[in-house]
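Have the sequence and the 3D view open as you read.

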Amino acid sequence: SNKALFPVPFFKNIMLSDAVSAISLLEDLINQLSPSEIELDDRAKNPDFVYKNVSFCGKYIDFDYGKIAHFVQEKLSEISTAHGCRVLFCAERSSHCWGTSHPKSDNDIKAIVFYGARKYYSLRSVSRTWKIIYGPRDTRVGGAQPNGGDNDEKTEQIEESEFDVELSCIELTKVSQMIIRNDPNIFEIFTSPIIYHGHSTEVIAELRRIIFDTYDWKKLATHYLAWSSGNHKQLSDTKKKRIARKPLKIFFVVWRGILSAEWLVHHRLCKGLPLYIPDLITFSRLIDQQQKTVMMRLLTTKLRKCHYAIDSEQTRNLVGKAKEMIATVNKMLLDSQSGDKKSQTEEKSIHQRVIQMREQINIDKGSNTAKRLEQLVFKVIESYHD
């Protein structure tokens with residue numbers, strides 16, 4: 001079926017000596033597919049559709065979605081009551097979306113919240129962002145509640161729970177500011193395949209349309225390349241605990257950034273960018289079939305089974321290949337520009353360009369898109385009722 005995760009030719013270069021790995025790879029891919037995925041997966045591409053139950057997305061759901069969803073709904077209700085806010089949207093942004101999760105992976109969940117108009121007019125500013133960590137991994141006690149004042153820093157609150165969940169809350173007007181600055185995190189939240197709550201199908205659909213109309217694919221590709229470049233430099237720094245403990249995880253962070261940037265440069269738009277690494281691997285025109293096979297084997301037989309060592313010649317070759325690919329995709333990105341703008345951009349490193357982009361906005365004040373976003377935010381806030 002053309003809906004399968006990989007076409008048959010993907011496996012044609014697997015040698016007989018790799019038979020055991022190939023069988024394991026096939027078993028993992030088959031287990032990822034649910035019976036109804038073929039009929040329903042296209043619904044994920046529809047911006048007017050807000051998930052009520054995403055258990056049909058077999059390639060993303062490798063955990064007990066029902067239990068996590070119930071837990072998240074309970075916590076969202078508690079947050080709404082405690083902080084006098086409402087939840088507009090809630091989705092996963094984690095390894096479960098990227099295809100790099102394992103049975104013990106936590107759920108990193110983002111909630112977009114808003115307040116009633118009176119709170120925005122108050123002399124005491126509303127909390128803009130905060131994070132609550134639940135789970136058995138956290139033995140620390142206490143933690144500060146999100147407080148009043150102009151709080152743009154994440155305040156961690158630790159709670160014991162049988163579920164390993166990080167729940168981050170971001171206030172709607174801050175989200176709007178992040179949208180007009182092409183923030184990649186917000187893009188991934190609203191394109192996530194794993195959704196727990198949608199306040200209004202109409203509002204979420206319009207927010208997605210604004211995001212797709214607003215985001216600049218060149219800026220988004222530059223952000224992904226910066227992620228890759230920064231993490232690639234750290235791969236050789238074994239003194240850092242994060243690198244020493246899970247180098248293969250960082251390896252896939254690097255490659256996700258490269259492959260995402262390649263996809264954006266090829267399509268020259270943001271809408272449709274896959275978050276799922278196997279989809280990005282399958283699409284890539286810059287890595288050959290053998291390299292794709294190696295990467296998928298690392299993903300399914302090592303990373304997803306909590307084996308994080310970079311301990312083979314093929315893997316080390318791909319680490320070296322990544323540096324070459326960052327330069328290649330960066331050149332493709334620069335070549336997509338023309339004239340003076342290209343020459344000005346070439347003089348700056350990837351990281352310098354990202355820093356500059358953080359100060360830029362994608363929507364001109366008074367433009368039609370700016371008015372759409374302002375009106376939507378106003379409509380949401382005015383819909384708040386005690």
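Leaving aside its neighbours within four places in sequence, which residues is L376 in contact with? They are V203, E206, L207 and I210, where contact means heavy atoms within 4.5 Å. This is a predicted model, in which local features need pLDDT of at least 70 and side-chain atom pairs count only at pLDDT 80 or more, while totals for chains, interfaces and linings use all residues. Residues are numbered from 1 along each chain as its sequence is written, and side-chain values use heavy atoms, with hydrogens and water left out.

**The overall picture**

- The protein chain has 17 helices and six strands; these are DSSP runs numbered from the N terminus, with helices being H or I of at least four residues and strands E of at least two.
- Of its 386 residues, 55% count as buried, meaning under 20% relative accessible area, with exposed being over 50% and partly exposed in between (1.4 Å probe, protein chains only).
- Among contacts in the protein chain with a separation of 6 or more, 74% come from residues 24 or more positions apart.

**The nonpolar core**

- The largest nonpolar core holds 102 residues, and L88, I186, Y196 and W255 touch the most other members. Such a core is a set of buried Ala, Val, Leu, Ile, Met, Phe, Trp, Tyr and Cys residues joined through side-chain atoms within 4.5 Å.
- Helix α11 gives the most to this core, with twelve residues.
- In soluble globular proteins, nonpolar side chains tend to be buried together.
- I186 is in contact with I170, V175, M178, I179, I211 and Y215, once its neighbours within four places in sequence are left aside.

**Two helix pairs to look at**

- α11 (residues 247-267) and α13 (residues 289-301) pack at an angle of about 135°, with their axes 12 Å apart. Axes are lines fitted to C-alpha atoms, for helices over the stretch in contact, and angles run from 0 to 180 degrees between N-to-C directions.
- α11 and α13 are therefore oblique to each other; angles under 35 degrees count as roughly parallel, over 145 as roughly antiparallel, 65 to 115 as roughly perpendicular and the rest as oblique.
- On the α11 side, L248, F251, F252, W255 and L259 meet M295, L298 and L299 of α13. The residues of this contact are eight nonpolar, no polar and no charged (Ala, Val, Leu, Ile, Met, Phe, Trp, Tyr, Cys and Pro count as nonpolar, Asp, Glu, Lys and Arg as charged, and the others, Gly among them, as polar).
- α9 (residues 217-235) and α14 (residues 313-335) pack at about 155°, with axes 10 Å apart, and are therefore roughly antiparallel to each other.
- By class, the contact of α9 with α14 has nine nonpolar, five polar and two charged residues.

- L376 sits in helix α17 (residues 368-382) and counts as buried at 9% relative accessibility. Its C-alpha atom is separated by 7.3 Å from that of V203, 173 residues apart along the chain.
- E188, in helix α7 (residues 184-190), is buried with a relative accessible area of 1%. Not counting residues up to four places away in sequence, E188 touches R93, W98, Y224, W227, R256 and L275.
- F63 is found in the loop between α2 (37-40) and α3 (65-83), and at 16% relative accessibility F63 counts as buried. Beyond four places in sequence, F63 touches I68, E92, H96, N107, I194 and Y196.
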